[in-house]
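Let's take a walk through this structure together. Have a look at it first, and then we'll go through some of its parts.

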Amino acid sequence: MNLAILLAAVLLLALYSYALGRGRALGQTTGHPSELHSRPGYYGTYTALWSVIPALLVIAIWLMAEGVIVEGLVVASLPQAQQDLPNAQLGLLLNDIRNVASGAFSAEQAEPFVRAAAERYNGLRLTSFIGMAAIAVLLAVIGLYWARRAIDPGLRARNAVERIVMVFLVAASTIAIFTTVGIVLSLLFEAWRFFSQVPFYEFLFGLQWSPQIALRADQVGSSGAFGAVPIFAGTLLISFIAMVVAVPVGLMSAIYMAEYATPKFRSFVKPLLEVLAGIPTVVYGFFAALTVAPQIRGFGESFGLDVASESALAAGLVMGIMIIPFVSSLSDDVISAVPRSLREGSYGMGATKSETIVRVILPAALPGIVGSILLAVSRAIGETMIVVMAAGLAANLTANPFQAVTTVTVQIVTLLVGDQEFDSPKTLAAFALGLVLFFITLCLNVIALHVVRKYREQYD
Amino acid sequence: MSMTEDSQTPEASTPVETLTTETTPKMIGRDVSVFYADKQALFDVDIDIVEKEVTALIGPSGCGKSTFLRCMNRMNDVIEGCSVTGTISMDDGDIYDPKVDVVQLRARVGMVFQKPNPFPKSIYENVAYGPRIHGLAANKAEMDAIVESSLRRASLWEEVKDRLEQPGTGLSGGQQQRLCIARAIAVEPEVILMDEPCSALDPIATARIEELIHELRENFTIVIVTHSMQQAARVSQKTAFFHLGNLVEYGETEVLFTNPSDERTQGYITGRFG
Amino acid sequence: MTDATVPNDPAAPVRDAEGIAAAVQKSLKKRYARETRFKLYGVAAIGFALAVLVLLFFTIISNGYTAFVQTKVQLPIDLAQSEIDPDGSGDPEVIGKANYRSLVFNAMRGEFPSVSGRTNRRALTGLLSSGADFELREAVLADPSLIGGVRQVWLTMSDDADVFIKGRSTDVDLADGRGRVSLFDESGVVTVTSGEDDFAQALTDVKDALAEQAVRAENEAARRQGSIALFTAALNENPSEEKAAELREDLERTRAEIIDFEARAADLRDRAAAAGGEEAMDSSMPSYFAVVNGGVVKATSVSANSLTGEVILPLDSLDPAAAGDWRVLSLETPEESRRVKDNQAVWLWTLQQEGKVETKFNTTFFTAGDSREPEQAGIWGAAVGSFWTLLVTLLLSFPIGVMAAVYLEEFAPKNRWTDLVEVNINNLAAVPSIVFGLLGLAMFLNVFGLPRSAPLVGGMVLTLMTLPTIIIASRAALKSVPPSIREAALGMGASRLQAMTHHVLPLALPGMLTGTIIGMAQALGETAPLLMIGMVAFIVDIPGGMTDPATVLPVQIFLWADAPERAFVERTSAAIMVLLGFLILMNLTAVLLRKKFETRW
């Protein structure tokens, strides 16, 4: 709340600076704005930027650093016995302190040293905030003063403002890079911690997956097993089923749409297929668990088959349905990109439409189609909600589509939803799985995008 | 490319016909009009295409010459909203008769396009495409024979015989166009339609194609659309001049170029418009 | 035509016009059949996709539409002054502290005074929602003039009652009695004897159930045959004396059991096959009731023309009833496989007959937060959470996306760095969404220490996820503005940035907005990354800001889909309908926007 007031104050100051800068620039002319190098508004903006940017930067950096520093100070003030606690328990204690400090927990029930720490915590934060506010406002005023002094008709205010705007534009465009770097770093860091507890080869080649870690060391099976092969196999099985559904259906509908459909039919059916693509995956998951899985189970049982209620088939089937519009729209683009002259060449020989499609268009479009199928595979591997809701949790190593298998994404969700301890391999395993997932989908995407781009260049 | 090089192929041994014998029309167009949606592109064209002669269709861009050419093997069927009225008959049968099968028709009336458009397949497969889809070869040996003879007749055999398995798209522009011609003649069509076959080629490649057209005339009826009057004069026996969707004048090439009866033709061939 | 055929060469191809025409002719039929078949595959593929779409919508709607109404019961509640506000102070504090629970329960018991015994009375009040007393309290607080008299109040019923009234728990069938019945009461067990075979259907049901039980008994026997084989095999392997004794004992016991089961199966089969007779009923069979003389008798045994059983609602008299004056009530689903027990069903049915139970528009569903009780759960909390999350996403992703697009499309030099940025953006668009969740967890929560479950963090994660979509769409929009416009502005002496902001940006804005709306729609439907950052917690309160714990619509759907209560199925479906409604609305807006501003240069 206080922060909002501070931000509002800084922004008000910015408005004031704008007016001030603009006024001063105009005041230095004989009444003709054209005597200025730039339009008067630029002088205003120039002044405002000088006053607001340093202040905001200070606030941002301060807020990022504050938590760690204040907590460090609070911990240092705790009794020695508490300071010596292991990290996990210290974290819990800090949580208590924070809760007491914010009033979420009643202070009366807390232990005295917690209460004291909470008071100290609140005091430190208040001091910190006052310091931050003071420095920020001071900087804003200094910036304002400095910029105001710099204003004269010869100042190239527009160029200066544009340079700053350009910095923002460049910064915005690098966010994609930072995101990727952030993903790689966070996955690598946590995964590295995981591999320092569980050997790399055991994770990649182990056949046993049971990530439950006993709470006490003396419990039976106190160490979990982290062999991820069953998970990879499950992921592949479900993705394979999905592709078996999605590729033929998606490809055939794309062919029909591109080659046979009348424009009227196209304009009617295409949006409907896009609806299929726009349905949230959680809805597909619900559909799979509520309708498809019981149907398949019942169907299988009528043939005397033993079908698990969370069969890989149900999840894969629904995932395939989800991917149909994806394959179909990508392939449609690819097929439409095949030049007309090839079609005419074939028709001119007396080929029928299907002969032209099968013998000329599809071979010509093959790289593009392969690219879109790779993208679809990457999507199937990374899909989460359908499998979380319709596939199993137990890691079975099987190729039987009627049994329940688990996938990488299901495991990530199960391991990370609920209580997390960030030094237990159980939690860290999720990041190792995430790393594998990211790496595989990245490879698929890079290859697929490259293939598709090369393909497009060929016919452009 | 001279005839002697192809002397071992049987068709080279057929005696060369004298040029202006009494002509039998291979295809006859009567009152042919073409509409794209509401726009009329061709007005009541009457024309007789003579067997085993080269007929050139000339005229300024947008005059309807290509449109008429595409009517002759019903390639316009592929275009949305295009309709054709009047009759075009071939050996006394109307090709727009509902009973006529386009697939069959196009096997009899082949086509070569403006831009060389070899399929993204091997040279061999390009030529084998037609015979394969129409089921003309009973076995590999037959297919090999068809491919070889077609390539020879398109005077491409010597250049590609050692790389039949390489993609057809890897050839030079002129070679690609000859490959397309080989592809077209592989199904032994009776008529070959050529839609500005040399417009994308350099002069040397053009000269080779023209030479080839001259040779093919012995066995095929050829209709060629061309932009170049010189080319029409060089390769054709009959010339039809189209203007604004009308067939203005049609007759012996020599006559049309030396002594046109219509002043629009006169204007066009003397370069006053076009 | 050339004469290419060398007649003596068998490999010579067909080379004359007639031969070729014939060959083509010959191939035609097969080729056209193949053509038709191929086209059919295409139609089948599209048909399959559309059929699934229809099935999906049908499933969701048919499951969900009933959630928009909620079963309520009208009870006369004695809001005596002395009970609620003895001093007549009118002080909300006092009024709020009255014992509404007992008022509600007493009113419910008042409807069925005959119900006695702790269990039964509990079952009766259990038909009310556990929030009914709060509902009454709110009503009284809102309108204190209700105090002092008996008022008819509509109160929410429990999810089980709701499911039953909506017909989703069992089929309820009511048939008029065809024969005249005489009644006979023997120490509380009443026998209803009809002149016609009014209970034939009940008897058939019972026999069907018996036949099923017979099959089950046979299966048990067969299973034990397997055990015997195992024991015998073990005995043959010369076990120790002790072990052998044990095995023999097992063998003995199992043999006895088999005999037992076989006898039972045979008995059941005989009973199922026999015509007529009287059979006892149990909770694994459909329930039958005789509704006669103002009371209800539940069948515990039936024959074709008589029904014997316990009284659930007392009869006015034991006088005979004429045909048409009494009825047979049946519940198709056996009692053991439904949540509403027979007596509760009868009470509900009676209330329904009296017009005291009705389904009314379910305001709770649209105004409440989550709850463990289906009848008290609503989507408002999740909707507000979605609103905050999307607001953060929009505020961050639109300006950043547009700025990035402007830079990349208009200003960026063509070099390795911009290539890298571009490859990165395209890749991010295809990275699984859950990976963004992992990033949010590791970076935003663990490194920056931002609060868990907060829309702020959710919005930040979704921003990173939707940015590629927005950037790609915005770049396309910028690309479609012809260079002539830029040149015109530059030629007038505008700086590149001015040309951009004054001329190009306004023209590209509709396209950018379209892309942003589509990105927002994606974000609205996204679930997986939000699970990672704790937006999956059970949150009852409506979030009041960006840092309050919250959940979002798709996560709410996920949570409800996991809940075991039958009543949550329809609520999940209804929440999906709401979510899809929003998505369709957003996409339509995008389409309209594109149509309206679509310019061909």
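## A glutamine in a helix

Gln231(B) sits in helix H8 (residues 229-235) of chain B; helices here are DSSP runs of H or I with at least four residues, strands are runs of E with at least two, and both are numbered from the N terminus. Gln231(B) counts as buried because its relative accessibility is 5% (buried means under 20% relative accessible area, exposed over 50%, partly exposed in between, with a 1.4 Å probe and protein chains only). Leaving aside residues up to four places away in sequence, Gln231(B) touches Cys198(B), Thr206(B), Glu210(B) and Thr226(B), where contact means heavy atoms within 4.5 Å.

## Before going on

This is a predicted model, so local features need pLDDT of at least 70 and side-chain atom pairs count only at pLDDT 80 or more, while totals for chains, interfaces and linings use all residues. Residues are numbered from 1 along each chain as its sequence is written, chains are lettered from A and ligands numbered from 1 in the order in which they are written, and side-chain values use heavy atoms, with hydrogens and water left out.

## Where chains C and A meet

On the chain C side, 73 residues are in contact with 81 residues of chain A. Together the two chains bury about 6,400 Å², 80% of it on carbon and sulfur atoms (buried area is the accessible area, with a 1.4 Å probe, that two parts lose on being put together, summed over both). Phe38(C), Ile46(C) and Leu438(C) supply 10% of the area that chain C buries against chain A, more than any other three residues.

How many salt bridges are there between chain C and chain A? The count is one (a salt bridge is a side-chain nitrogen of Lys or Arg within 4 Å of a carboxyl oxygen of Asp or Glu). Glu355(A) and Arg31(C) meet in a salt bridge through their side chains, at 2.7 Å from N to O.

## Salt bridges inside a chain

Over all chains, the structure holds 57 salt bridges. One of them joins Arg297(A) and Glu301(A), at 3.6 Å from N to O. Both residues lie in helix H10 (residues 281-302) of chain A, four residues apart, about one turn of the helix. An α-helix has 3.6 residues a turn, so residues three or four places apart point the same way.

Over in chain C, Arg571(C) forms a salt bridge with Asp162(C), their closest N and O atoms being 3.8 Å apart. This pair links distant parts of the chain, with Arg571(C) in helix H20 (residues 566-597) and Asp162(C) in helix H7 (residues 159-165), 409 residues apart. Both Arg571(C) and Asp162(C) are buried.
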